Amino acid sequence: MINLKIDNKVVSVPKGTNIFKAAKDNGIYIPGLCYHPKLTQYGGCRLCMVEVTERGRSRHRFSCAQPVAEGMVVKTKTPETEKYTKSVMEYLLAHHPLDCPTCDKSGECGLQEVTHDLKLKPGRFKSARLDEPMRRDNPLLEYNSNRCILCSRCVKVCKEIAGVAAIDYQNRGFKTVIGTAFDKPLDCSFCGGCVSVCPTGSWQDRTLKFKARPWELKKTPTICTYCAVGCSLVINTKDKEVMRVTADENINLGINESNLCVKGKFGHEFINSDKRIKTPLIKKGGKLRPASWEDALEHISNRFREIIEKSGGNAIGGIGSEKCTNEDNYLFQKLCRTVLGTNNVDNISNMKSPSLNRLINNSVAYGMASTSLEGIENADTVFFVGADISEAHPVVGSMVRKAIRVNKTKVIIANVRNVEFGCETKNLLRLNYKLGTQTTLINAMMKVIVDEKLVNLKKAADKTENFNELLSSLRSSELGIKKVSKATNIPEDSINAAATSIAKAGNCYVICGKDIEEDPSGEETIEALMNLCALVNKGDSDKVSIVFSRENNNSQGVNDMGVVPEFLPGYLDINDPENREVVEGAWGAKLSSDPLEQKSGDIFDRAVKKKIKALYVMGENPIVNYPNGKKVKDAFKKAEFIVVQDSFLTETAQLADVVLPSSTFVEKGGTFTNMVMTVQRLHKAIPQVGDSKPDWQIICALAEKMGHEYHYTTSKDIVDEIGKGVPIYEGIEVNRLRRKGFHWILSLYYKTKAERYQFEITSKKTSAIKSNKKYPFILLTGSSLRHQGTYSRYSESLVSLASECFVEINRKDAKKAKITDGDNVKIESAQGNIKLNVKTTSRVPEGVAFISEDYEWVPVNNLRGDGYTNVKISKTK
Amino acid sequence: MAKKKSLTAKKKVTPKRPMIIVGMGTCGLGAGAKAVLESIEKELKKQKQTADVISTGCIGLCSHEVLVDVAMPDYSRVTYSKVKPDIIPQIIEEHVGKGNVVKKYAISQMPLNGRGVKQYRDLPLFDELDQNKNQVKVVTKNCGIINPEDIDEYIMSGGYKALEKILTKMTPKDVITEIGKSGLRGRGGGGFDTGWKWESTAKYVADQKYIICNADEGDPGAFMDRSLMEGDPHALLEGMVIGGYATGSTSGYIYIRAEYPLAIERLKIAIRQAKERGYLGKNILNTKYSLDIIIKEGAGAFVCGESTALQFSIEGKRGMPRTRPPQSVEAGLWDKPTCLNNVETFANVPIIINQGAAWYSKIGTEKSKGTKIFALTGNIKHAGLIEVPMGITVREIVFDIGGGVPKKKKFKAVQIGGPSGGCLPESYLDSPIDYESLKSAGAMMGSGSLVVVDETTCMVDMARFFLDFCTNESCGKCPPCRVGTVLMLDILNRITQGEGKEEDLDVLEKMSDEVRTMSLCGLGQSAPNPVKSTIRYFRDEYLAHIRDKECPTATCVALHKYTVISDKCTKCTLCIKNCPVDAISGSREEAAFIDKEKCIECNLCYDKCNFMAIK
């Protein structure tokens, strides 16, 4: 720490800090418009001049460019600094159009603030202004160069945080403006970072335009409802309506450090969409008609009772939600397991990759699971395995870019597709394997580590159960580097380099993505990946941690809360009589004693077989989101009674007998658990829209209707129950969550010692997936940056920004099939077909067709069956 | 030492043949050297004469171009000035053929080493010419003498001896000490101690270090670096390799502006030749030291002459200066320790190594050692490239070397240091030229452009011109330079249009201080210098514009009154002939008179008048 004096206050700051930050962190004001703590220093606004006295010499220094030194004496305000700072402001204001009445920034404008702080008087100059046209070439952002003071923050945010570098300077001298290359329309990730950091009204959020003035907006911090990163965001409301989302209230707000992606920033319009269901609906004569809550609940409880009486509780299947809160899901499974008496509760993430919960729990038990995403910035190596981070979890991408900037982190990206990752580093290694060879690749990397003795093998053998078994499995001739290189289509050097960086890294993050998790052979790939991590961790020191990506905001929580057939909340085995006894005691109700029937497939399989007669769906749209479209449609067709709880009339809700309107995340309290098991609290920002209710309230009402008493007045009561009854959530307290998230892995690590590692040997021979003649393409699906399910579908701006889902195929394939960019094609599989326009790209390998599954109106699952899906693509006439 | 043979030059020039040397620097080419060269070759064939025709760089007498030198065996080298293709037959016939100097065009002769012993009568020696008398040619000694495209000529004139010496006999530390002792200061304008800079770079340990030559000479009226690179490219390379060795650099860059195609061409040739001979590249002169030099062409931004902007430009980024610390010596190009020097600085290095620091530091003043090359231009008789010892007075340069102001006009001021410099009035004629004196007088050394201004130049207009240059060349990063200079220019424009107010001068002076203090880089910091120095020395002229709405030199068009000064009118009637509306009356006997009623103020009469008789 360095000690110095700023304005007679002794402060102590870390070495390398600049004077500006040192002052700001200690509550001392220095005017400044270009410096931003999360961006690299620029020194362009020339406002932060201070007087620095060192070794008896006083000099003027620009505080953002001057690192602190021991014994420095800084004066932030002297007649000199004031004179000069004012002169620069005077120049800036001579240039600025001063059109504050028609500027949305007015009221929260940095330029206004500094003008006010410096008490500027009328200046000496006539104006010298630019007269550039407003740039309004996209639905979300607009840029007015006349207001721009060229602080560079937007340029830096775009390059350093978003990794896009869509904008930069143009021209010279007075005519300098910010613009895109060749003045093409803005084509970026639309994270809105430029708007957030802009100190003037140059960058504007078009979705807000003239709807509200900053001082009218009420600000409520909460957690984002899209992906599983769990970004903090601030909901800005006016008259009970959400106007915009910001994240810059406090610098470094939440784990995302105020960074957002396009969905978090602009995907809020669904909340006040007029497509929201505002009253309960009951199907009469084939049509859904508005009804009262009383009637709707009455109807449901009667029908449920009938079915239970006739066929038993297990004839009801409950689908919990990856988007609802932990409290909603906890009560949902509680209701299903006790009131309805069924163990058929599940969630779509578990149906998609049934082994994932077991594997994640193993990673926790062995002490390898990562406890925080923020830790990425200290990583020396980040290894993405099947993770399309820029599309699925863009803010994690920003964290990795920060790591690269601060830490010179090495990045390894292993994927079938050449996924996008924009960053300024030479240390980026790509392992674009052939589909089906991913496990071989991981095993080969392990073989390199063992053969080259990159870790202490003796130590590894001592610390693990069956090291020799691993060794003998690695001796397989299939794993010879030449053979692997040929099979995976990755150069030998790259495999060696990747293995070396993971074994040698000081601190390594492995981020396993959906492309692996949802792959038909995902389980063994993840097992191999965990073996790799364990090999390094045990052979060296615990430095590799693994993150399993989750898709939705509460995909982790829904599983934690026991919306899984075989687990009671907190992953307690339901077949263990002891567990059952404890839970029954706590809940004061009997659990269903029907045996689990997992061998006969999931809920939809059983519904198809008519074993399940009623479906109760909360906040999900399985008709589109469940991978096997044909099966799920069949299941819904055969179900006798369907209840759907949702905010919108989704494809699933349209099939329901009763639809119950539920509130969205800004209308309720509760908690979400992100993909590294950080539990974060929501805050209610607006009252419930229409007659909608939070899901947990609906469940309580239904339970009461069915003769059970649920005494929960607020979601806090449910959290308290979870804290008492769910072992992994033990100790969670709502009031503490206000300041900081609850990391349940971390508290688990405190309490228990990691288990001895047992390698899970995957000996199955894998080889590249071959396509067949009739269907020459293999269909891959994945995430999309601009859409995610129902919410983005009803956010108009997002839809106008990304109105079309494309099928991506390799340029060479396209050329062979005489298909050009933008052609409309029919994609056909054995199960069904859809029509989409083509985007030719080099990001997907030959023989692969890629369609994002996040455009909810595109029923990609019509094509898919179980396992890999082969498709053919032909031009439509 | 397998390559030892490379150290001796191959003699290509046959001593018993006449030599014709043509000045093919950019100045020569601009004056038509190419046509002259062609006609020489044609004429030699035609007259069946044999001679070695050699092209060379700029010798400094730019106003005398095209220069053609003829050296007959055993005789000294005779210089012909302002040669046109049509006099070539005569020169070849008389001089090459018969051995007689064509006196009409010859201006001087110079003895050649071991060759030209016999001198012609009645022809002054080159060094004794008025414009060369007070010069000390140290750095430019080869310019215009040797063929820059032939490494052997450089080697024969003692080139690459210094490199050999340091690589075999001196440690990097020794080299730095020697340069430090010589007192060499950066010739790019800042005047930073070169030895100290090298030492700082050497201090940092890194896997890569860079040595960069700044050849982005952008000042209007400056061409010292260009002439050096065109005339003696190997001196620069040798200096860079020595610098690279001293600082421990692993590769080198020459950042040169793309507007210097000839210099780029000659540097490329020089690099290729130096590599062939083992003076550059891997294991230089079979020692362990290796250095590769890469030429990076700039895209024409003045600000890229600023060291950090230059480094960004090499990295392929927008040339914008950054704040310091870190200094370039710590983290410069690609964030590695980087030593950046100017062309002239590097060219000084081999001389210091060869002659010793003690010899070098005898030249110049106490704090400014050695010589400085200036580009002498403007209203001066002998415009050209000059090399003078530090401490020489302005008077000596302007009147002795430059021959004073032509057309009997009066000297008014000299602008030193280009747009970032300032002007010095007549009262400073006897002040010495060194870093400190210039700074205290409100000018600066800059890269070394020296523009002489006579009485017909309006100082307000000149300040406006230089400020306009800086305004256009600002990178746009910081408001004082981007907006402040535009606001200053605005005021100057108003003044030149007769709309100035007295308080404007006060505002301009204050702004000069503000822009200097608040700007990030040297460009912004020095942009107000011309304004500040002209207000300081020529306040009356500003006041004339503001109070009397009159431009004393009648330069500012908006202030023209369109009256004839009858004393100056020579009754040539040129204005009468050119007036499109017949508003001017007069004749050969009677001075012209402009009828204000008819005059449309088209300014044609003013433009046409050769005697400044219209104001």
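Start with a question about chain A: among contacts between residues at least 6 apart in sequence, what percentage join residues at least 24 apart? The figure is 74%, where two residues are in contact if their C-beta atoms, placed from the backbone, lie within 7 Å.

Before we go on, a note on what you're looking at. This is a predicted model, in which local features need pLDDT of at least 70 and side-chain atom pairs count only at pLDDT 80 or more, while totals for chains, interfaces and linings use all residues. Residues are numbered from 1 along each chain as its sequence is written, and chains are lettered from A and ligands numbered from 1 in the order in which they are written.

**Stop 1: chain A as a whole**

Select chain A and switch to cartoon. You'll have 32 helices and 35 strands on screen; helices (H or I, at least four residues) and strands (E, at least two) are DSSP runs, numbered from the N terminus. The radius of gyration of chain A, taken over C-alpha atoms, is 29 Å, close to the 29 Å that the globule rule (2.2 Å times the number of residues to the power 0.38) gives for 877 residues, so chain A is as compact as a globular protein of that length. Along the principal axes, the C-alpha atoms of chain A fill a box of roughly 90 × 70 × 65 Å.

Now colour by burial. Of the 877 residues in chain A, 56% are buried. Here a residue is buried if 20 or more other C-beta atoms lie within 10 Å of its own, exposed if 12 or fewer, and partly exposed in between, with C-beta atoms placed from the backbone.

**Stop 2: two loops in chain A**

Zoom in on N8(A), in the loop between β1 (2-6) and β2 (9-13) of chain A. N8(A) isn't a glycine, yet its phi is positive, about 70°. With 8 other C-beta atoms within 10 Å, N8(A) is exposed.

Next, pick D183(A), which sits in the loop between β8 (177-180) and α5 (193-197) of chain A. D183(A) isn't a glycine either, and has a positive phi of about 55°. Buried or exposed: which is D183(A)? It counts as exposed, with 9 C-beta neighbours inside 10 Å.

**Stop 3: the nonpolar cores**

A nonpolar core is a set of buried Ala, Val, Leu, Ile, Met, Phe, Trp, Tyr and Cys residues joined through C-beta atoms within 7 Å. The largest one has 451 residues, and those with the most contacts inside it include M445(A), I449(A) and V414(B). Centre on M445(A): not counting residues up to four places away in sequence, M445(A) touches I495(A), A498(A), A499(A) and L532(A).

**Stop 4: where the chains meet**

Show both chains. In contact are 25 residues of chain B and 28 residues of chain A. On the chain B side, α18 (459-473), α19 (479-496) and α20 (502-518) each supply at least two residues. Which element gives the largest share of that side? That's α19(B), with eight residues. The chain B side divides into 12 nonpolar, seven polar and six charged residues; Ala, Val, Leu, Ile, Met, Phe, Trp, Tyr, Cys and Pro count as nonpolar, Asp, Glu, Lys and Arg as charged, and the others, Gly among them, as polar.

**Stop 5: a sheet in chain B**

Select the five strands of the open sheet β11-β10-β14-β12-β13 of chain B, with mixed pairing; two strands pair if DSSP finds at least two bridges between them. The edge strands are β11 (384-389) and β13 (422-425), each pairing on one side only.

Follow β12 (residues 411-416), which runs antiparallel to β14 (residues 449-454) and is joined to it by five bridges. F411(B) stands opposite D454(B), and Q415(B) has V451(B) as its bridge partner. On to β13(B), which pairs with β12(B) in the antiparallel sense over four bridges; here V414(B) stands opposite L424(B). Five residues separate the strands of this hairpin, in which G417(B) takes a positive phi near 90°. Six of the six residues of β12(B) are buried, so this strand is largely enclosed by the rest of the structure.

**Last stop: two cis peptides in chain B**

Check omega from E65(B) to V66(B): the bond is cis, near 0°. V66(B) is in the loop between β2 (52-56) and β3 (68-71) of chain B. The bond from R324(B) to P325(B) is cis as well, with omega near 0°, and P325(B) is found in the loop between α12 (307-314) and α13 (328-331) of chain B.
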